[in-house]
Amino acid sequence: MNWLSQVVAVTATAIRTIPQRRGASLATIAGIAGVVAVLVAVLSIGEGFRAALQAAGSPDNALVLRSGSDSEMMSVLLGDAVEIIAQAPGIARGAVAAGEAPVPLSSAELFVVVDVPKKSTGTPANVPLRGVQPAAFATRPDLKITAGRMFEWGKNEVLVGEGALRQFRGLDIGSKLKWGQNEWTVVGTFSAKGALWESELWTDARVLQPSYRRGNSFQTVSVRLESIDAFDKFKDALTKDPRLDVSVQRESEFFGNQGRSLQMIIRQLGVLLAVLMGIGAVFGALNTMYSAVSARTREIATLRAIGFGPAAVVVSVMVESMVLALVGGVAGAFLAWLFFDGYRTSTLNFDTFSQVTFAFDVTPALLVAGVVFALVLGLAGGLFPAIRAARLPVTAALREL
Amino acid sequence: MKFWPLLWGSLRRRKARTVFTLLSILVAFVLFAYLAAVRVAFSAGVDVAGADRLLTTHKTSIIQPLPASYQDQIARVPGVSAVTHASWFGGIYQNPNKGFQGVFQAPIEPEGYLAMYPEFKVPDDQKRAWIEDREGVLVGATTAKRYGWKVGDRVPIQGTIWRKKDGGKVWEFNVRGIYTGAKGVDTTQFLFHYDYFDEARQYGTGIVGWYIVRIADPAQTAAVSKKIDALFENSPAETKTVTEKALAQGFADQIGNIGAIIQWIVAAVFFTLLLVTGNTIAQSVRERTSELAVLKTIGFSDGRTLALVLAESGLLAVLGGGAGLALGAMAIAAGDPTGGFLPIFYFPTRDMIAGVILVLLLGLVAGILPAIQAMRLSIVDALRRA
């Protein structure tokens, strides 16, 4: 009998006899499923958060901040700087409303937060309020008004992102909001393919300036570039201009960096949990496999006595352990997907000090990572019991029990 | 204690299994300890907030500044025993990846602020040196350790919001003191002179971020808050006064169910681990049915058999769980896993006690069913089965 058919025969026996060790095998599967489900679930929080930020940043857009500011909230750009920026080379031109002459697609914006109660707890949360100029809708083409109407320029009216509408209280169309001494009316809602903007409230920057005592100052400028390659031209023109003191970034890069702290926390916690739980699950698997080997002692010894090699025994134990791990891994990944994918929530983004609404995102890559992790656990849990099984002294083992 | 060798013998019967069971219990309780610390971190200091401290912020949002002139007006409100203020600085040390932006950096009134937060412990000579040096900064021990700063160091911080009058972005400070605090006190803050900051800044002179108010009688919280807010009603900067605890709770709520979900997940894992180890312990007793029957044959009473089996599971739980809790406490003391993003990260005493109770419960629950089985074992049946 050749080596391969030995391996197949012994492994098949091992797999067929798993139901006899139902309790312990189920415990192993459940343990590994738990580990994988948790790992995938925790990492899906980070993925969803990252997706919301990344969807916001388009490589066709550039964002101008005052140099040294690393978030929108901390930046200040005066009115004359904003005028200079809008005239820089590299900016795409287009009509901001039907029938109007093309203008540079540049939107100077204000970014502040206002206290709005969270639906889940009723306590105030820092909801971002963005004051924009007409070109803002041209630089974010994904933005679509889903209900109500566009706010009128020059009036105290706001548009509410769908994410914000879902998570915060009192933002339905027609609601009145009082910030400072002014009252604002919600006139419409918008979606933006899950991007960051959906967490925000939008209004006319010119209306926001006086109520926040900003004079003629803004915080950032968002521009649409002529093409992806026009970025360097645009950046050079601004950074070499002695009248300006600004930093220019691709919007995609900027927003990719805006969730650093939270992503770091989630990733570190996820890894820590995975390591600790992985250790626990490996012990569980080791326990199960040792009992499986001892339950099959006589069988293994008989096989060895009639001429099966130690390699076949090793492989059979390893395969059994990997099969259990695979079942557990797939089950765990599926559970995580079932319960967590698309789960909507909002949290405080420490880097911008404002709320971000997003959906947990169980990506295919996470599912694969979860199953691979399960297989690694199975491998680790099977190795030592397999070696023990192969080393069993045949005569003593036959006598046992 | 004369049964000790018997107990020891049964644990050594399957050494590998005993070791793995112990280690799984250990891991479960390390996880338990971490869960407690993470819960505290996400609740952002709700447990340690001072009951007699109120915070007065701008009504629209805490990011909106308030005039510095409010201080005297608030101080005159009956029931207010002290008032001081702080502002958000948000600078960068070296480069954004160092994570210094997450550290609470604030221009404050040195004496007033320390009097407001007596839980910040500073050696007297350092305190004096800090108060006397206009460019001095008082740094929490955790932050000092993280960036390797010592008293006497000069640290350049790049302002992100605030610039100096000459347009410079870099603010330099002298580390004059390092403060410590009991468990749960935020020892990450970076505190410097408001006077120096206010004179040197390019714009925004005469504004502060928020006020911290101490009230004489914590029972009067609601009344005093209302009086303070009434002072500034219909002014350009209306205020909102809440207790420090409510503000901390508000921030915890802002982080929201992310924290809750992580805790829920870890708790599920913890109990799964307990279930699996409990099952292993029970299984190892079941395998020894015939041995137990022999013990009973030679005269062990039912009660003694029960005690023996319970003692075995209890010993496993106490050894593994105790080591796990100790290891967890040590790991937590070594610092938070994110390298400084969670300023409050410790193992609360309450959870430590809960952990010990859980250890004992594990021993009891895992052992009780097989122990009762062992107690009820009929000698004849058991011997025949083997």
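In this predicted model, the centres of domain 1 of chain B and domain 2 of chain B, taken over C-alpha atoms, are separated by 46 Å. Domain 1 covers 4-44 + 256-385 of chain B, and domain 2 covers 48-255; such bounds come from an automatic or database domain assignment. Twelve residues of domain 1 of chain B are in contact with 13 residues of domain 2 of chain B, where contact means that the C-beta atoms of two residues, placed from the backbone, lie within 7 Å. On the side of domain 1 of chain B that touches domain 2 of chain B there are seven nonpolar, five polar and no charged residues. In this scheme Ala, Val, Leu, Ile, Met, Phe, Trp, Tyr, Cys and Pro count as nonpolar, Asp, Glu, Lys and Arg as charged, and the others, Gly among them, as polar.

Because the model is predicted, local features need pLDDT of at least 70 and side-chain atom pairs count only at pLDDT 80 or more, while totals for chains, interfaces and linings use all residues. Residues are numbered from 1 along each chain as its sequence is written, and chains are lettered from A and ligands numbered from 1 in the order in which they are written.

The contact between the two chains takes 49 residues from chain A and 42 residues from chain B. On the chain A side, α9(A) gives the most, with 16 residues; helices (H or I, at least four residues) and strands (E, at least two) are DSSP runs, numbered from the N terminus.

The table sets out the classes of residue at two of these contacts.

| α9(A) with α12(A) | 14 residues | four residues | one residue |

Within chain A, α9(A) and helix α12 (residues 364-391) pack at an angle of about 35°, with their axes 8 Å apart. Axes are lines fitted to C-alpha atoms, for helices over the stretch in contact, and angles run from 0 to 180 degrees between N-to-C directions.

Leu286(A) is found in helix α9 (residues 260-295) of chain A. Leu286(A) counts as buried because it has 24 C-beta neighbours inside 10 Å, the cut-off for buried being 20 or more other C-beta atoms within 10 Å of its own. Leaving aside residues up to four places away in sequence, Leu286(A) touches Gly381(A), Phe384(A), Pro385(A) and Phe20(B). The C-alpha atoms of Leu286(A) and Phe234(A), 52 residues apart along the chain, are separated by 61 Å.

Key. A residue is buried if 20 or more other C-beta atoms lie within 10 Å of its own, exposed if 12 or fewer, and partly exposed in between; C-beta atoms are placed from the backbone.
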